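This briefing concerns nonpolar cores and aromatic contacts in a protein. Please consult the sequence and the structure below while reading.

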Amino acid sequence: MHVWLSTSANNFPESNSDENINGDIDLSHTALKNIDPKMVEIINNEIMHKFKPVDWIEIAGLEYAKSIIKEAVVYPLLRPDIFTGLRRPPRGILLFGPPGTGKTLIGKCIASQSKSTFFSISSATLTSKWMGEGEKMVRTLFAVAVARQPSVIFIDEIDSLLSKRSDNENEGTRRLKTEFLVRLDGAATSDDDRVLIVGATNRPQELDDAVRRRFIKRLYVPLPELNARIDILKNLLKTVDNVLTVQDLEEIGRLSNGYSGADMESLCREASMEPLRSVPQDFILSFDKNNLRAVNKNDFLIAFNKIRPSVSPDDLDQYVEWNKTYGSSY
């Protein structure tokens, strides 16, 4: 979905004249000159038109990362009249950290809060077995993003697309990376274009040095701290009946030290199944769900024996070291 901001008090675009009423893009747009219409259609299919709006409050913890993203990404997209010259926002932002910590959710939140066209891109979208097709697809991606700006290009697992260049890789892969680096540098776009590239990776050390340089803001998304884990528990448990007290939540939060956000969700799912497992299987089909008991602390203690942390301490040390060397840390 492409939403333009109101022009009631600011010099923002009133409408996007380059799109017709059904959302199709006008191929006569300047940015799409000499671009293959078939490739434009492929890239258009990568736009996420429907996803649940995400608010910052839904992302537990990560206050520093959220504040930096608002300052460097969201506010400039909403107020381009203020963020000009030296205040011009970075073209690229890299989110790195362990799996399951909310990097993809942050990407969706950026798109939701900045009212941008959101492109969800994977390496499969841009790669091709045909020589020269990969860099053409990259060129098309950025052209469509300019035509539909303000735009956010979110690339999950970006290390699979822009890993370190080597002598052993094929010519097509090298040319695709080179084209992407050129586009990231902004050489082919105007300074006034509102196109943001957000990359997410679990392996920042595998990124090409030139890629790392172009992502000026490199934000570490760590495992949730105690208060964040408690907030995650509260949010997830809203959907099931439970008798957990504040003290119970705090104890579960302490016991879940080292768990990622995804691990916490798995833990809650496992605990929520325990009341159902207490019902004899012969009665499952005829059982009145209103008689199902509420989730309690003991259910979580059982779940802890089945759901373990997915991130090893050694992996965490690598992220911390990379953040000290290259991250935009505080």
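Which residue lies over the face of Y326? The residue is R212, at 3.9 Å from the ring centre. The structure is a predicted model, and the points below are grouped by topic.

**Aromatic pairs and cluster**

- Y326 belongs to one aromatic cluster together with F96, Y220, Y319 and W322.
- Across the whole structure, a search finds seven aromatic pairs.
- In one of these, the ring centres of F96 and Y220 are 5.5 Å apart and the planes meet at 20°, so the pair counts as stacked.
- Because F96 lies in strand β1 (residues 92–96) and Y220 in strand β5 (residues 217–220), the pair ties together parts that are 124 residues apart in sequence.
- Both F96 and Y220 are buried.
- Y259 and F304 form an edge-to-face pair, with 5.8 Å from centre to centre and 90° between the planes.
- This pair also links distant parts of the chain: Y259 is in the loop between α9 (246–255) and α10 (261–277), F304 is in helix α11 (residues 297–304), and the two are 45 residues apart.
- Y259 is buried, with a relative accessible area of 4%, and F304 is buried, with a value of 10%.

**Nonpolar cores**

- The largest nonpolar core has 38 residues, of which F119, L126, L141, I153, I155 and F180 touch the most other members.
- Helix α5 (residues 133–147) contributes the most to this core, giving nine residues.
- Leaving aside residues up to four places away in sequence, I155 touches I121, L161, F180, I197, V198, G199 and A200.
- A second, separate core contains 25 residues, including I69, A72, V73 and F118.

Note on methods:
Residues numbered from 1 in each chain as written. Predicted model: local features only at pLDDT ≥ 70, side-chain atom pairs only at ≥ 80, totals over all residues. Heavy atoms only, no water. Core = buried A, V, L, I, M, F, W, Y, C linked by side-chain atoms within 4.5 Å. Buried < 20%, exposed > 50% of the residue type's maximum accessible area, 1.4 Å probe, protein only. Helix = DSSP H or I, 4+ residues; strand = E, 2+ residues; numbered from the N terminus. Contact = heavy atoms within 4.5 Å. Phe/Tyr/Trp six-rings, centres within 6.5 Å; stacked < 30°, edge-to-face > 60°. Lys NZ or Arg CZ within 6 Å of the ring centre and 35° of its normal.
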